[in-house]
Amino acid sequence: MNILGIETSCDETSVAIVTDGREIRANIIASQADLHARYGGVVPEVASRKHVERMLPVAQDALDAAGMRYSDIDAIAVTNRPGLLGALLVGVSYAKALAYALHLPIIGIHHLEGHVYSNFLAAPDLACSFPLLVLIVSGGHTQIVRMDGHGQYALLGRTRDDAAGEAFDKSARLLNLPYPGGPNVARLAEQGNSARVAFPRALLGDSMDFSFSGLKTSVRTFVGKDAGQTSLPDIAASLQAAIIDVLTLKMRRAARQTGIRTLCAAGGVASNLSLTASLQAMAEEEGCRLVIPDPVLCTDNAAMIAVAGYYRLLTNPSDALSFDTLATSPM
Ligand code: KG4
Ligand code: ZN
(Lines give C-alpha, C1' and ligand atoms only; values in the text may rest on other atoms or scores of the structure.)
(Ligands and ions follow the chains in the order given, each with its own letter.)
Protein backbone atom coordinates (compact mmCIF):
# COMPACT_ATOMS: atom_id res chain seq x y z
CA MET A 1 0.00 0.00 0.00
CA ASN A 2 1.45 3.38 -1.05
CA ILE A 3 0.67 6.20 1.36
CA LEU A 4 1.32 9.80 0.44
CA GLY A 5 2.21 11.73 3.61
CA ILE A 6 1.99 15.49 3.97
CA GLU A 7 3.55 17.61 6.73
CA THR A 8 3.19 21.42 6.97
CA SER A 9 2.69 22.03 10.69
CA CYS A 10 5.61 24.43 11.14
CA ASP A 11 8.37 25.55 8.78
CA GLU A 12 9.00 22.44 6.68
CA THR A 13 6.93 21.66 3.59
CA SER A 14 7.28 17.91 3.22
CA VAL A 15 5.68 15.24 1.06
CA ALA A 16 6.65 11.57 1.24
CA ILE A 17 5.56 8.30 -0.28
CA VAL A 18 5.99 5.21 1.89
CA THR A 19 5.13 1.65 0.85
CA ASP A 20 3.64 -0.74 3.44
CA GLY A 21 4.73 1.45 6.32
CA ARG A 22 8.39 0.63 5.93
CA GLU A 23 9.86 1.46 2.53
CA ILE A 24 10.49 5.16 1.90
CA ARG A 25 10.04 5.75 -1.83
CA ALA A 26 10.42 9.53 -1.50
CA ASN A 27 10.73 11.98 1.38
CA ILE A 28 11.07 15.56 0.09
CA ILE A 29 11.63 18.18 2.80
CA ALA A 30 11.70 21.86 1.82
CA SER A 31 12.91 23.76 4.88
CA GLN A 32 12.11 27.42 5.42
CA ALA A 33 14.75 27.80 8.14
CA ASP A 34 16.81 30.32 6.14
CA LEU A 35 13.74 32.46 5.59
CA HIS A 36 12.87 32.64 9.29
CA ALA A 37 16.46 32.95 10.54
CA ARG A 38 16.50 36.72 10.00
CA TYR A 39 13.57 37.05 12.44
CA GLY A 40 15.13 34.73 15.03
CA GLY A 41 12.16 32.33 14.91
CA VAL A 42 9.26 31.10 12.80
CA VAL A 43 6.90 33.86 11.59
CA PRO A 44 3.53 32.08 11.17
CA GLU A 45 2.17 34.16 8.29
CA VAL A 46 5.43 33.90 6.35
CA ALA A 47 5.39 30.12 6.92
CA SER A 48 1.83 29.76 5.58
CA ARG A 49 2.61 31.72 2.43
CA LYS A 50 5.72 29.70 1.74
CA HIS A 51 3.77 26.44 2.21
CA VAL A 52 1.23 27.65 -0.38
CA GLU A 53 4.06 28.35 -2.85
CA ARG A 54 5.82 25.04 -2.29
CA MET A 55 3.01 22.54 -1.68
CA LEU A 56 2.42 21.45 -5.29
CA PRO A 57 6.06 21.50 -6.47
CA VAL A 58 7.16 19.48 -3.42
CA ALA A 59 4.39 16.92 -4.06
CA GLN A 60 5.43 16.65 -7.70
CA ASP A 61 9.07 16.21 -6.62
CA ALA A 62 7.99 13.36 -4.34
CA LEU A 63 6.09 11.60 -7.12
CA ASP A 64 9.04 12.08 -9.51
CA ALA A 65 11.54 10.77 -6.94
CA ALA A 66 9.37 7.70 -6.38
CA GLY A 67 8.78 7.23 -10.10
CA MET A 68 5.03 7.26 -9.44
CA ARG A 69 1.86 9.04 -10.53
CA TYR A 70 -1.08 10.10 -8.41
CA SER A 71 -2.87 6.95 -9.61
CA ASP A 72 -0.28 4.81 -7.76
CA ILE A 73 -1.28 6.29 -4.40
CA ASP A 74 -3.65 4.28 -2.17
CA ALA A 75 -4.26 6.71 0.70
CA ILE A 76 -3.35 10.19 1.98
CA ALA A 77 -2.07 10.93 5.50
CA VAL A 78 -1.70 14.53 6.63
CA THR A 79 -0.68 16.29 9.83
CA ASN A 80 -3.80 18.08 11.07
CA ARG A 81 -2.74 18.93 14.66
CA PRO A 82 -1.04 20.52 16.56
CA GLY A 83 0.90 23.29 14.85
CA LEU A 84 0.60 26.73 13.30
CA LEU A 85 -3.00 26.92 12.16
CA GLY A 86 -2.36 28.65 8.84
CA ALA A 87 0.52 26.31 8.04
CA LEU A 88 -1.54 23.20 8.88
CA LEU A 89 -4.40 24.46 6.73
CA VAL A 90 -2.25 24.46 3.61
CA GLY A 91 -1.34 20.78 3.94
CA VAL A 92 -4.81 19.71 5.05
CA SER A 93 -6.58 21.61 2.24
CA TYR A 94 -4.27 20.08 -0.34
CA ALA A 95 -4.73 16.61 1.17
CA LYS A 96 -8.51 16.92 1.17
CA ALA A 97 -8.56 18.15 -2.43
CA LEU A 98 -6.42 15.18 -3.49
CA ALA A 99 -8.53 12.68 -1.56
CA TYR A 100 -11.73 14.11 -3.03
CA ALA A 101 -10.45 14.21 -6.61
CA LEU A 102 -8.78 10.80 -6.53
CA HIS A 103 -11.43 9.07 -4.36
CA LEU A 104 -8.80 8.07 -1.81
CA PRO A 105 -9.08 7.46 1.93
CA ILE A 106 -7.62 10.28 4.04
CA ILE A 107 -6.26 10.18 7.59
CA GLY A 108 -5.54 13.17 9.84
CA ILE A 109 -2.44 12.51 11.95
CA HIS A 110 -1.35 14.09 15.23
CA HIS A 111 2.14 15.48 14.65
CA LEU A 112 3.53 13.78 17.76
CA GLU A 113 2.09 10.44 16.69
CA GLY A 114 4.00 10.95 13.44
CA HIS A 115 7.21 11.47 15.44
CA VAL A 116 6.52 8.26 17.39
CA TYR A 117 6.07 6.31 14.14
CA SER A 118 9.42 7.49 12.72
CA ASN A 119 10.77 4.72 14.96
CA PHE A 120 8.87 2.14 12.91
CA LEU A 121 10.84 3.23 9.86
CA ALA A 122 14.07 2.67 11.79
CA ALA A 123 12.90 -0.72 13.09
CA PRO A 124 9.74 -2.18 11.49
CA ASP A 125 9.85 -5.10 13.97
CA LEU A 126 8.77 -2.68 16.72
CA ALA A 127 5.24 -3.59 15.67
CA CYS A 128 5.91 -6.94 17.42
CA SER A 129 7.68 -5.41 20.43
CA PHE A 130 4.96 -3.62 22.42
CA PRO A 131 4.99 -2.13 25.00
CA LEU A 132 7.44 0.63 24.06
CA LEU A 133 8.68 3.66 25.95
CA VAL A 134 9.05 6.69 23.70
CA LEU A 135 10.89 9.90 24.54
CA ILE A 136 9.40 12.65 22.37
CA VAL A 137 11.64 15.71 22.27
CA SER A 138 10.65 18.38 19.78
CA GLY A 139 10.55 22.16 19.62
CA GLY A 140 7.20 22.39 21.41
CA HIS A 141 6.86 19.10 23.32
CA THR A 142 8.79 16.92 25.71
CA GLN A 143 7.03 13.75 26.79
CA ILE A 144 7.62 10.19 27.87
CA VAL A 145 4.89 8.04 26.37
CA ARG A 146 4.11 4.38 26.95
CA MET A 147 2.86 2.78 23.75
CA ASP A 148 0.93 -0.45 24.29
CA GLY A 149 -0.19 -1.01 20.70
CA HIS A 150 -0.95 0.93 17.54
CA GLY A 151 -2.67 4.15 18.55
CA GLN A 152 -2.59 3.22 22.26
CA TYR A 153 -0.69 5.75 24.32
CA ALA A 154 -0.34 6.60 27.99
CA LEU A 155 1.40 9.82 28.96
CA LEU A 156 3.91 9.07 31.74
CA GLY A 157 5.75 12.38 31.87
CA ARG A 158 5.67 15.79 30.21
CA THR A 159 7.31 19.14 30.56
CA ARG A 160 5.75 21.47 33.07
CA ASP A 161 7.06 24.54 31.22
CA ASP A 162 9.53 24.69 28.30
CA ALA A 163 10.19 21.81 25.92
CA ALA A 164 13.72 20.45 25.48
CA GLY A 165 13.93 21.98 21.99
CA GLU A 166 12.73 25.28 23.41
CA ALA A 167 15.47 25.12 26.05
CA PHE A 168 18.01 24.76 23.24
CA ASP A 169 16.42 27.48 21.10
CA LYS A 170 15.80 30.07 23.82
CA SER A 171 19.26 29.58 25.35
CA ALA A 172 20.80 29.87 21.88
CA ARG A 173 19.09 33.22 21.47
CA LEU A 174 20.51 34.39 24.78
CA LEU A 175 23.94 33.40 23.47
CA ASN A 176 23.30 35.29 20.21
CA LEU A 177 23.43 32.12 18.13
CA PRO A 178 21.37 32.04 14.94
CA TYR A 179 18.01 30.25 14.53
CA PRO A 180 17.45 27.30 14.73
CA GLY A 181 19.24 27.17 18.06
CA GLY A 182 19.45 23.43 18.71
CA PRO A 183 21.75 22.42 15.83
CA ASN A 184 23.93 25.50 16.41
CA VAL A 185 24.38 24.73 20.11
CA ALA A 186 25.17 21.12 19.19
CA ARG A 187 27.80 22.18 16.65
CA LEU A 188 29.56 24.51 19.11
CA ALA A 189 29.30 21.94 21.91
CA GLU A 190 31.49 19.53 19.94
CA GLN A 191 34.54 21.66 20.79
CA GLY A 192 33.51 22.58 24.33
CA ASN A 193 34.05 21.30 27.86
CA SER A 194 30.69 20.19 29.24
CA ALA A 195 31.94 20.30 32.85
CA ARG A 196 32.92 23.99 32.61
CA VAL A 197 29.61 25.51 33.81
CA ALA A 198 27.34 23.76 36.32
CA PHE A 199 23.92 24.60 34.89
CA PRO A 200 20.98 23.26 36.96
CA ARG A 201 19.22 19.91 36.36
CA ALA A 202 15.59 19.91 37.52
CA LEU A 203 14.89 16.37 38.74
CA LEU A 204 11.43 16.95 40.35
CA GLY A 205 11.57 14.16 42.95
CA ASP A 206 10.80 10.77 41.44
CA SER A 207 8.47 12.20 38.78
CA MET A 208 8.87 11.52 35.07
CA ASP A 209 7.96 15.14 34.33
CA PHE A 210 10.45 17.71 33.07
CA SER A 211 11.13 21.38 33.74
CA PHE A 212 13.55 23.42 31.66
CA SER A 213 12.56 27.01 32.46
CA GLY A 214 15.03 27.20 35.36
CA LEU A 215 17.84 26.27 32.99
CA LYS A 216 16.88 29.09 30.65
CA THR A 217 16.87 31.56 33.58
CA SER A 218 20.25 30.25 34.69
CA VAL A 219 21.69 30.76 31.19
CA ARG A 220 20.29 34.32 31.17
CA THR A 221 21.88 35.09 34.54
CA PHE A 222 25.16 33.53 33.46
CA VAL A 223 25.24 35.53 30.21
CA GLY A 224 24.63 38.74 32.19
CA LYS A 225 27.36 38.07 34.77
CA ASP A 226 30.08 35.48 34.16
CA ALA A 227 30.01 34.68 30.46
CA GLY A 228 33.03 36.87 29.60
CA GLN A 229 35.38 34.41 31.32
CA THR A 230 33.98 31.37 29.50
CA SER A 231 34.28 30.35 25.85
CA LEU A 232 31.10 29.96 23.81
CA PRO A 233 31.82 26.27 23.04
CA ASP A 234 32.19 25.60 26.80
CA ILE A 235 28.86 27.30 27.53
CA ALA A 236 27.17 25.40 24.67
CA ALA A 237 28.60 22.06 25.82
CA SER A 238 27.58 22.69 29.44
CA LEU A 239 24.09 23.73 28.43
CA GLN A 240 23.66 20.72 26.16
CA ALA A 241 24.89 18.38 28.92
CA ALA A 242 22.34 19.81 31.37
CA ILE A 243 19.49 19.03 28.96
CA ILE A 244 20.81 15.59 27.97
CA ASP A 245 21.47 14.52 31.57
CA VAL A 246 17.85 15.18 32.52
CA LEU A 247 16.40 13.48 29.42
CA THR A 248 18.57 10.41 30.00
CA LEU A 249 17.87 10.22 33.73
CA LYS A 250 14.10 10.43 33.19
CA MET A 251 14.16 7.72 30.53
CA ARG A 252 16.21 5.50 32.85
CA ARG A 253 13.67 6.15 35.60
CA ALA A 254 10.77 5.37 33.24
CA ALA A 255 12.42 2.11 32.14
CA ARG A 256 12.98 1.05 35.76
CA GLN A 257 9.52 2.05 36.98
CA THR A 258 7.65 0.38 34.12
CA GLY A 259 9.97 -2.55 33.46
CA ILE A 260 9.67 -1.83 29.71
CA ARG A 261 12.79 -2.95 27.84
CA THR A 262 12.32 -1.34 24.42
CA LEU A 263 13.13 2.37 24.37
CA CYS A 264 12.61 4.78 21.48
CA ALA A 265 13.28 8.47 20.90
CA ALA A 266 11.78 10.88 18.42
CA GLY A 267 11.54 14.57 17.53
CA GLY A 268 14.09 17.15 16.41
CA VAL A 269 16.20 17.02 19.59
CA ALA A 270 16.63 13.23 19.11
CA SER A 271 18.82 14.09 16.09
CA ASN A 272 21.41 15.34 18.63
CA LEU A 273 24.25 12.83 18.53
CA SER A 274 25.35 13.45 22.13
CA LEU A 275 21.82 12.66 23.29
CA THR A 276 21.83 9.50 21.17
CA ALA A 277 25.14 8.42 22.72
CA SER A 278 23.94 9.14 26.24
CA LEU A 279 20.68 7.22 25.76
CA GLN A 280 22.59 4.35 24.16
CA ALA A 281 24.96 4.09 27.14
CA MET A 282 22.02 4.18 29.55
CA ALA A 283 20.11 1.52 27.57
CA GLU A 284 23.14 -0.79 27.64
CA GLU A 285 23.51 -0.35 31.42
CA GLU A 286 19.82 -1.09 31.92
CA GLY A 287 19.81 -4.06 29.54
CA CYS A 288 17.34 -2.34 27.20
CA ARG A 289 17.09 -2.06 23.42
CA LEU A 290 17.23 1.50 22.07
CA VAL A 291 15.79 2.58 18.73
CA ILE A 292 16.42 6.08 17.37
CA PRO A 293 15.54 7.08 13.81
CA ASP A 294 18.12 8.60 11.46
CA PRO A 295 18.54 12.35 12.15
CA VAL A 296 16.60 13.31 9.01
CA LEU A 297 13.64 11.26 10.27
CA CYS A 298 13.84 12.82 13.76
CA THR A 299 13.26 16.36 12.53
CA ASP A 300 9.98 17.19 10.79
CA ASN A 301 9.27 15.10 7.70
CA ALA A 302 6.30 13.58 5.91
CA ALA A 303 7.57 9.97 5.86
CA MET A 304 6.73 9.63 9.55
CA ILE A 305 3.21 10.94 8.85
CA ALA A 306 2.75 8.38 6.06
CA VAL A 307 3.84 5.54 8.38
CA ALA A 308 1.47 6.66 11.13
CA GLY A 309 -1.28 6.75 8.49
CA TYR A 310 -0.45 3.23 7.33
CA TYR A 311 -0.76 1.71 10.80
CA ARG A 312 -3.95 3.69 11.50
CA LEU A 313 -5.56 2.34 8.33
CA LEU A 314 -4.68 -1.24 9.26
CA THR A 315 -6.99 -1.10 12.25
CA ASN A 316 -9.34 1.88 11.77
CA PRO A 317 -11.58 3.42 9.13
CA SER A 318 -10.30 6.53 7.36
CA ASP A 319 -11.50 10.01 8.37
CA ALA A 320 -14.42 11.93 6.91
CA LEU A 321 -13.36 14.76 4.59
CA SER A 322 -14.80 17.23 7.10
CA PHE A 323 -12.17 16.59 9.81
CA ASP A 324 -10.73 19.64 11.54
CA THR A 325 -7.37 21.35 11.63
CA LEU A 326 -6.40 22.17 15.22
CA ALA A 327 -3.65 24.41 16.55
CA THR A 328 -3.37 22.42 19.78
CA SER A 329 -4.78 19.15 21.03
CA PRO A 330 -3.71 16.38 23.36
CA MET A 331 -2.39 13.19 21.83
O1 KG4 B 1 10.54 17.87 15.71
P2 KG4 B 1 11.06 19.16 15.23
O3 KG4 B 1 11.81 19.19 13.92
O4 KG4 B 1 9.90 20.21 15.10
C5 KG4 B 1 8.89 20.28 16.06
O6 KG4 B 1 7.95 19.44 16.02
O7 KG4 B 1 9.01 21.17 16.95
O8 KG4 B 1 11.99 19.72 16.39
C9 KG4 B 1 12.58 20.99 16.29
C10 KG4 B 1 13.44 21.21 17.51
C11 KG4 B 1 14.00 22.62 17.59
O12 KG4 B 1 13.84 23.08 18.92
C13 KG4 B 1 15.46 22.42 17.24
O14 KG4 B 1 16.32 23.38 17.81
C15 KG4 B 1 15.73 21.04 17.81
O16 KG4 B 1 14.57 20.31 17.48
N17 KG4 B 1 16.90 20.40 17.21
C18 KG4 B 1 18.01 20.07 17.92
C19 KG4 B 1 18.92 19.52 16.99
N20 KG4 B 1 18.33 19.51 15.76
C21 KG4 B 1 17.10 20.06 15.91
N22 KG4 B 1 18.29 20.20 19.22
C23 KG4 B 1 19.48 19.78 19.63
N24 KG4 B 1 20.42 19.24 18.82
C25 KG4 B 1 20.18 19.09 17.51
N26 KG4 B 1 21.13 18.55 16.71
ZN1 ZN C 1 8.05 17.90 14.93
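# Talking through a predicted model

Visitor: Where is Gln143 found?
Guide: Gln143 is found in strand E7, and please keep in mind from the start that everything we discuss here comes from a predicted model.

Visitor: Is Gln143 buried or exposed?
Guide: Gln143 has a relative accessibility of 12%, which is under the 20% cut-off, and therefore Gln143 counts as buried.

Visitor: And which residues is Gln143 in contact with, leaving aside its neighbours within four places in sequence?
Guide: With those neighbours left aside, Gln143 is in contact with Leu112, Val134, Leu135, Ile136, Leu155, Gly157, Arg158 and Phe210.

Visitor: Okay, moving along, where is the place of Gly151?
Guide: Gly151 sits in the loop that runs between strand E7, residues 142-149, and strand E8, residues 152-158.

Visitor: How does Gly151 count at its relative accessibility?
Guide: Gly151 counts as partly exposed, because its relative accessibility is 43%.

Visitor: What is Gly151 in contact with, leaving aside the neighbours within four places?
Guide: Apart from those sequence neighbours, Gly151 is in contact with Glu113 and Tyr117. As for Ser31, it is 120 residues from Gly151 in sequence, and the two C-alpha atoms are 29 Å apart in space.

Visitor: Which helix do His111 and His115 lie in?
Guide: Both His111 and His115 lie in helix H4, which covers residues 111-122, and they are four residues apart, about one turn of the helix. An α-helix has 3.6 residues a turn, so residues three or four places apart point the same way.

Visitor: Is His111 buried or exposed? And is His115 buried or exposed?
Guide: His111 is buried, with a relative accessible area of 8%, and His115 also counts as buried, at 0% relative accessibility.

Visitor: What is the angle at which H4 and H11 pack?
Guide: H4 and helix H11, residues 303-315, pack at an angle of about 90 degrees, and their axes are 7 Å apart. The two helices are therefore described as roughly perpendicular to each other. On the H4 side, the contact is made by His111, Glu113, Gly114, His115, Tyr117, Ser118, Phe120 and Leu121, while H11 brings Ala303, Met304, Ile305, Val307, Ala308, Tyr311 and Arg312.

Visitor: How many of the residues in the contact of H4 with H11 are nonpolar, polar and charged?
Guide: Sorted by class, that contact has nine nonpolar, four polar and two charged residues.

Visitor: Let's go to H6, then: how many of its residues are buried?
Guide: H6 is mostly covered, with seven of its nine residues buried, and these are Gly181, Gly182, Asn184, Val185, Ala186, Leu188 and Ala189.

Visitor: What covers the buried residues of H6?
Guide: The cover includes helix H5, residues 164-174, and helix H8.

Visitor: Start with H5: at what angle do the axes of H5 and H6 cross?
Guide: The axes of H5 and H6 cross at roughly 75 degrees and come within 7 Å, and the two helices are therefore roughly perpendicular. Phe168, Asp169 and Ala172 of H5 meet Gly181, Gly182 and Val185 of H6. By class, this contact has three nonpolar, two polar and one charged residues.

Visitor: And at what angle do H6 and H8 pack?
Guide: Helix H6, residues 181-189, packs against helix H8, residues 232-258, at an angle of about 115 degrees, with the axes 7 Å apart. This pair is therefore also roughly perpendicular, and its crossing is left-handed. Here Val185, Ala186, Leu188 and Ala189 of H6 meet Leu232, Pro233, Ala236, Ala237, Leu239 and Gln240 of H8. The residues of this contact divide into nine nonpolar, one polar and no charged.

How values were computed
Residues numbered from 1 in each chain as written. Chains lettered and ligands numbered in written order. Predicted model: local features only at pLDDT ≥ 70, side-chain atom pairs only at ≥ 80, totals over all residues. Heavy atoms only, no water. Axes fitted to C-alpha atoms, helices over the stretch in contact; angles between N-to-C directions. Parallel < 35°, antiparallel > 145°, perpendicular 65-115°, else oblique. Left-handed = near helix turned anticlockwise from the far one by under 90°. Contact = heavy atoms within 4.5 Å. Nonpolar A, V, L, I, M, F, W, Y, C, P; charged D, E, K, R; others polar. Buried < 20%, exposed > 50% of the residue type's maximum accessible area, 1.4 Å probe, protein only.
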